[in-house]
Amino acid sequence: MAGYISDDARRVTTHRLVEMKQRGERISMLTAYDYTMAQIVDGAGMDVILVGDSASNVMAGNVTTLPITLDQMIYHAKSVVRGVKRAMVVVDMPFGSYQGSEFDGLASAIRIMKESHADALKLEGGMEIIATVRRIIGAGIPVMGHLGLMPQSINKYGTYTVRATEETEADKLMADARLLEEAGCFALVLEKIPAELAARVASELTIPVIGIGAGGAVDGQVLVIQDMLGMNNGFRPRFLRRYADLFTVMTDAISRYISDVKNADFPNEREQY
Ligand code: KIV
């Protein structure tokens, strides 16, 4: 079985992620939303586990990330934290929990940290939320930024297409990235932007830059676990590499179970008391 097992069993921290960038070691990051999946992802040696608000899509079946609540994110985060020994657990602050005032944002951040025992938070946005980012970091909570395609703003964009292809938006993204680094963010996610722009951000910032649909010249990669395991047959964007076809594997297993039950073939004599 091909794989990468780190010989470093220590917990992954903000400090260690910066060290990884400095020595050119790429950072692996994947989402998880429940205990069982988190145990598997952590056991495989993942550096960072993101309890993404993509839970709204892949766990709850919503069309966007907007409906998921603070209570629901805390539920997912607590479940993930219980399954993790080594990876850093980062939790997305859900839409509406930090865009009001910096004090609302801080209160939501403190709730997530106190109730879930996660390691860090992720917020979408740059200049518009910088006071909140500073306030949360000021309370000692590590913040990961998120720029480029920001799914919580999908109703503003009206499309999931690549962001920052025009100079004005690219310049704003660059300025926001610098601002987030200055504010003290420990890392930055760049979603669905041109690879060249992402490479410029990663080479200019000293904090790690993690990409999704942002090319290979950044410091790490993140994907949604259901997508990379091929559980979601209809979702095949260009940036996605599918490492398994679990849709087929699971459908086949479930069909065989149905057929065994219907044929009174399960349970057999060895499978009963
Ligand atoms: O919610 C999420 O899964 C994310 C990743 C796509 C980066 O924010």
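A164 is buried in this predicted model, with a relative accessible area of 4%. The residue lies in the loop between helix 7 (154–157) and helix 8 (167–183), and its phi is near 60 degrees, a positive value in a residue other than glycine. Elsewhere in the chain, eight strands close into a barrel in the order 1-2-3-4-5-6-7-8, with parallel pairing. Neighbouring strands of this sheet are turned by 25 degrees against each other on average, direction ignored. A ligand is also present, and the residues around it include T31, D92, K122 and H146.

**Backbone features**

- Most residues other than glycine have a negative phi, and most peptide bonds are trans.
- K192 has a phi near 45 degrees, a positive value in a residue that is not glycine.
- K192 is placed in the loop between strand 6 and helix 9 (195–204).
- With a relative accessible area of 21%, K192 is partly exposed, because buried residues are those under 20%.
- F266 and P267 are joined by a cis peptide bond, for which omega is about -5 degrees.
- P267 belongs to the segment after helix 11 (246–262).

- Strands of a sheet pair through backbone hydrogen bonds, either parallel or antiparallel.
- Strand 1 (residues 27–31) runs parallel to strand 2 (residues 48–51), and three bridges join them.
- Within this pair, T31 stands opposite L50 of strand 2.
- T31 and L50 are also among the residues around the ligand.
- Strand 3 (residues 88–92) is joined to strand 4 by three bridges, and these two strands run parallel.
- The path from strand 3 to strand 4 passes through helix 5 (residues 102–116), and this β-α-β crossover is right-handed.

**Strand 4**

- Strand 4 covers residues 120–124 and is mostly covered, with five of its five residues buried.
- A120, K122 and E124 lie on one side of strand 4, L121 and L123 lie on the other, and all of them are buried.
- K122 is the bridge partner of D92, and in strand 5 the bridge partner of K122 is M144.
- Strand 4 pairs with strand 5 (residues 143–148) in the parallel sense, over four bridges.
- The chain reaches strand 5 from strand 4 through helix 6 (residues 130–138), in a β-α-β crossover that is right-handed.

**Strand 5**

- Strand 5 is mostly covered: six of its six residues are buried.
- V143, G145 and L147 point one way from strand 5, whereas M144, H146 and G148 point the other way, and all are buried.
- Five bridges connect strand 5 with strand 6 (residues 187–191), again in the parallel sense.
- One link in this pairing is H146, whose bridge partner in strand 6 is V189.

- I110 is located in helix 5 and is partly exposed, with a relative accessible area of 35%.
- I110 and G140 are 30 residues apart in sequence, and their C-alpha atoms are 10.0 Å apart in space.
- T132 is located in helix 6 and counts as buried at 5% relative accessibility.
- T132 and E102 are also 30 residues apart along the chain, and their C-alpha atoms are separated by 4.1 Å.

**Ligand surroundings**

- The residues around the ligand are T31, L50, G52, D53, S54, D92, K122, H146, E191, I212 and V224.
- Strand 4 contributes K122, which has a polar side-chain atom 2.8 Å from an oxygen atom of the ligand.
- The side chain of D53 has an N or O atom 3.0 Å from an oxygen atom of the ligand.
- For S54, an N or O atom of the side chain is 2.5 Å from an oxygen atom of the ligand.
- Taken alone, the ligand exposes 260 Å², of which the protein buries 95%.

Definitions and conventions
Residues numbered from 1 in each chain as written. Predicted model: local features only at pLDDT ≥ 70, side-chain atom pairs only at ≥ 80, totals over all residues. Heavy atoms only, no water. Buried < 20%, exposed > 50% of the residue type's maximum accessible area, 1.4 Å probe, protein only. Pairing = 2+ DSSP bridges. Right-handed = clockwise from strand over helix to strand, strands pointing away. Axes fitted to C-alpha atoms, helices over the stretch in contact; angles between N-to-C directions. Near = heavy atom within 4 Å. Polar contact = N/O pair within 3.5 Å; in protein donor to acceptor, adjacent residues only side chain to side chain. Areas by Shrake-Rupley, 256 points an atom, 1.4 Å probe, with all protein chains shown as cover.
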